[in-house]
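Please have your viewer open and your selection tool ready, and we will go from stop to stop.

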Amino acid sequence: RGLLYVNDKLLSLQKVIEMLAELLNTIIIEMKRRGNPSSGFYANQSGEIVYNIFSLYLLLMGHTSAYDSLTCNSVLSGMIDIIFLIEVSDENATPSNIHWMAARTQSLQCIAGLLVDGILVNKVLKCVDGDQGYRAEPVVQSSINSFGRPMQGQPNNRFEFESILNLLQQNKGDPTASLAATRILHMIRSV
């Protein structure tokens, strides 16, 4: 019915999703401040939290009452940020990055599962581009892009997003991420 008990309080799914999005955003801001998300104590703790947030998002995708909350700008922006921030590599997961890599895969699964129409595809692309009203700050905030290369001029977030999805699509070390990236690319290119 769209209600959950948290610490003996009855909360709507919308409120729970808002709280999770707020926590995710706080972790993402801290991740951007610290740099490499997959090293050190902070990475292990926050990576596990982010992984659990995305596990809950995946579970909540089955509730029709949660769809609007999962497709709000703050949630979509968090999903997109994780895709931008977690380095794509062919390396096997290590204890320090396993939760981050799994969270990125779950983020891809969430976006792929939510992209059911052109309206939401456009909303995702507006979040990627950092359009006013869709996100408080641009996705790429530094002069270094997600691939560790210096950027020339203004960032083209949509191009970089598609480039990351292409890399993930080709990464056969994570077939779930590869399939989700393929679906997202298909939906983006069909609009």
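Begin with α4 and α5, which are oblique to each other (angles under 35 degrees count as roughly parallel, over 145 as roughly antiparallel, 65 to 115 as roughly perpendicular and the rest as oblique). Select residues 73-85 for helix α4 and residues 98-114 for helix α5: the two pack at an angle of about 135 degrees, with axes 9 Å apart. Axes here are lines fitted to C-alpha atoms, for helices over the stretch in contact, and angles run from 0 to 180 degrees between N-to-C directions. Helices (H or I, at least four residues) are DSSP runs, numbered from the N terminus. The crossing of α4 and α5 is left-handed, meaning that the near helix is turned anticlockwise from the far one by less than a right angle.

Before moving on, a note on the model. It is predicted, so local features need pLDDT of at least 70 and side-chain atom pairs count only at pLDDT 80 or more, while totals for chains, interfaces and linings use all residues. Residues are numbered from 1 along each chain as its sequence is written, and side-chain values use heavy atoms, with hydrogens and water left out.

Next, the salt bridges (a side-chain nitrogen of Lys or Arg within 4 Å of a carboxyl oxygen of Asp or Glu). The count is 2. Select Asp129 and Arg158, whose closest N and O atoms are 2.6 Å apart. This pair links distant parts of the chain, with Asp129 in helix α6 (residues 118-129) and Arg158 in helix α7, 29 residues apart. Both are partly exposed (between under 20% for buried and over 50% for exposed relative accessible area, 1.4 Å probe, protein chains only): Asp129 at 31% and Arg158 at 32%. Now pick Arg189 and Glu162, a salt bridge with closest N and O atoms 3.8 Å apart. Here Arg189 sits in helix α8 and Glu162 in helix α7, 27 residues apart.

Stay in this region and select Asn171, in the loop between α7 (157-170) and α8 (175-189). Is Asn171 buried or exposed? At 6% relative accessibility, Asn171 is buried. A polar atom of its side chain lies 3.0 Å from the backbone nitrogen of Gly173.

Last, select Phe54 and Tyr57. They form an edge-to-face aromatic pair, 5.5 Å centre to centre with 90 degrees between the planes (ring centres within 6.5 Å; planes under 30 degrees apart are stacked, over 60 edge-to-face, the rest tilted). Phe54 and Tyr57 are 3 residues apart in helix α2 (residues 40-60), so about one helical turn separates them. Phe54 is buried at 0%, and Tyr57 is buried with a relative accessible area of 0%.

How values were computed:
Phe/Tyr/Trp six-rings, centres within 6.5 Å; stacked < 30°, edge-to-face > 60°. Polar contact = N/O pair within 3.5 Å; in protein donor to acceptor, adjacent residues only side chain to side chain.
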